Amino acid sequence: MYTQERTAMANLVVGGPVAVNSYDNAIVAALVENRPVMLVHAFNGGYLRPAELKAESHDKGLKLATALDPATKDAQGHLWHITPGGFFGQRPLYYIESAAGQVAPPAPGSAEADGGCGDDGAPKPQRRRVTVHQDAPQSTADTVQVGLPSKVGDKWRGKNGAVEDTQLWVVTVTPWGGITFVPITHPDAILGFKDHTVAKDSEARLTYNWGGDFTGTVINTFYPRLPHEWDVPYHHVFT
């Protein structure tokens, strides 16, 4: 797939493994292994973080930060889990879950156990998910919230009674090795920023996917970074 597009032909072996670099591995880890990763913007190297890091916050959104302060790092506010969430046709769907404010798993069978159970039967930790507004991306309702499925605002819940509707994303891997998030409720939109501005503390929102190159302010691509890679200059992605 995308690894082949980014790998010299001399490194490819027919019927054998495809050579990948650390950024490919970070994407695989984010999508398959569910490791927490940073979501680093391709244009200015800023990273996505919840506007509010506390576990009890469910009505705040996202922003783009350009410096990793100690409080954010200690709270894991720079880390995200891209968690498998089912399929739409043949397209796999994912939740974007914050590592900040993660709480211990609830007791099995309790009403709070909305995160489901793992293969071992143990409840999954409760993580706040990125949720989109039902009416997005209209100008008055284009924001996103980070909260537990049962605690986000009414307009950030699914219209058909399934709260997950507004929290499921198609993760598109781009030819240059980044990822773009498309909400299933609004397939003509992507995760972008208010006023199409990619700058410090820019507020995340949904924006119409009108096209443009990946360094522009309309198409917003994030590179997953493993935690130990957070301080690698973003331009090294292209070398």
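This is a predicted model: local features need pLDDT of at least 70, side-chain atom pairs count only at pLDDT 80 or more; totals for chains, interfaces and linings use all residues.
1. Start with the main core. The largest nonpolar core holds 31 residues. Leu-39, Leu-48, Ile-82 and Phe-181 have the most contacts inside it. Helix α2, residues 22-33, gives the most to this core, with five residues.

2. Look next at Leu-39. Leaving aside residues up to four places away in sequence, Leu-39 touches Gly-46, Tyr-47, Leu-48, Trp-80, Ile-82, Ile-96, Ile-179, Phe-181, Phe-222 and Tyr-223. Among these, Leu-48, Ile-82 and Phe-181 are also named with Leu-39 for the most contacts inside the largest core.

3. Now the histidine. His-133 sits in the loop between β6 (129-132) and β7 (144-147). Is this residue buried or exposed? His-133 counts as buried because its relative accessible area is 9%, and the cut-off for buried is under 20%. A polar atom of the His-133 side chain lies 3.0 Å from the backbone nitrogen of Asp-135.

4. Finish with the strands. Strand β2 (residues 47-50) and strand β3 (residues 62-65) run antiparallel, joined by four bridges. Arg-49 has Lys-63 in β3 as its bridge partner. β3 also pairs with strand β11 (residues 202-208), again in the antiparallel sense, over two bridges. Here Lys-63 stands opposite Glu-203 in β11. Follow Lys-63 in the model: Arg-49 is its bridge partner, and Glu-203 stands opposite it in β11.

How values were computed:
Residues are numbered from 1 along each chain as its sequence is written. Side-chain values use heavy atoms; hydrogens and water are left out. A nonpolar core is a set of buried Ala, Val, Leu, Ile, Met, Phe, Trp, Tyr and Cys residues joined through side-chain atoms within 4.5 Å. Buried means under 20% relative accessible area, exposed over 50%, partly exposed in between (1.4 Å probe, protein chains only). Contact means heavy atoms within 4.5 Å. A polar contact is a pair of N or O atoms within 3.5 Å; within protein, one must be able to donate a hydrogen and the other to accept it, and residues adjacent in sequence count only if both atoms are side-chain atoms. Two strands pair if DSSP finds at least two bridges between them.
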